[in-house]
Amino acid sequence: MRCEFHPDALAEYEEAARYYAGCQEGLELRFMASVEAVVRQIAAAPDRWRILERDVRRCLTTVFPYAILYTIESDRVLIVAVMHCHREPGYWRDRLQENAEPSGPPNSASPSR
């Protein structure tokens, strides 16, 4: 199934990658690979992960303390947050009410760079 990022989720993803780039050379690439691997897994089997709240599901990344929160829409998977697991829970809930256009290339499991 096609995955698209909510604009705020894409911004979180990019912000986290910039943070890791400043920590250690190449660490942002490892982070991005971890997130993109999870996005591919979600695209392949979106029902696999449990519902966190309402219709939002959560899949954890490996190595990095991040969760990908997403909903299954009729024609796509919408990634609503790339959430640091130690961040205030629920900050992303208002994104479910918005009718914002998702970001990222169509038919892609990862955002464009």
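Student: Let's start with arginine 2. How exposed is arginine 2?

Tutor: Arginine 2 is partly exposed, with a relative accessible area of 22%. Keep in mind that this is a predicted model.

Student: Okay. And which side chain meets arginine 2 in a salt bridge?

Tutor: That would be glutamate 4, with 3.3 Å from N to O. Glutamate 4 itself counts as buried, because its relative accessibility is 9% and the cut-off for buried is under 20%.

Student: Why can two side chains like that pair up at all?

Tutor: As a general point, side chains of opposite charge can pair when their charged atoms come close.

Student: What about arginine 76, how far apart are the closest N and O atoms in its salt bridge with glutamate 4?

Tutor: They are 3.6 Å apart. This pair links distant parts of the chain: glutamate 4 sits in strand β1 (residues 3-5), while arginine 76 is in the loop between β4 and β5, 72 residues apart. Arginine 76 counts as buried, at 18% relative accessibility.

Student: How many salt bridges does the structure hold?

Tutor: There are 5 salt bridges. One of them is between aspartate 47 and arginine 57, where the closest N and O atoms are 3.8 Å apart. Aspartate 47 lies in the loop between α2 and β2 (51-53) and arginine 57 in strand β3, so the pair ties together parts that are 10 residues apart in sequence.

Student: Are those two buried or exposed?

Tutor: Aspartate 47 is exposed, with a relative accessible area of 58%, whereas arginine 57 is buried at 15%.

Student: Switching to strands now. What does β3 pair with, and in which sense?

Tutor: Strand β3 (residues 56-60) pairs with β4 in the antiparallel sense, over 5 bridges. Within that pairing, cysteine 59 stands opposite isoleucine 68 in β4. The two strands form a hairpin with 5 residues between them, and valine 63 in the turn has a positive phi of about 70 degrees.

Student: And how many bridges join β4 to β5?

Tutor: 7 bridges join β4 to strand β5 (residues 77-84), and the two run antiparallel. Here leucine 69 stands opposite alanine 81 in β5. A hairpin connects β4 to β5 through 4 residues.

Student: How many residues of β4 are buried?

Tutor: 6 of the 7 residues of strand β4 (residues 66-72) are buried, so β4 is largely enclosed by the rest of the structure.

Student: How far does α2 reach?

Tutor: α2 has 18 residues and reaches 26 Å from its first C-alpha to its last, close to the 26 Å expected.

Student: Last one: which residues of α2 are buried, and what covers them?

Tutor: The buried residues of α2 include Phe31, Met32, Val35, Val38, Val39 and Ile42. The cover over the buried residues of α2 includes β1, α1, β3, β4 and β5.

Terms used:
Residues numbered from 1 in each chain as written. Predicted model: local features only at pLDDT ≥ 70, side-chain atom pairs only at ≥ 80, totals over all residues. Heavy atoms only, no water. Buried < 20%, exposed > 50% of the residue type's maximum accessible area, 1.4 Å probe, protein only. Pairing = 2+ DSSP bridges. Salt bridge = Lys/Arg side-chain N within 4 Å of Asp/Glu carboxyl O. Expected span 1.5 Å × (residues − 1). Contact = heavy atoms within 4.5 Å.
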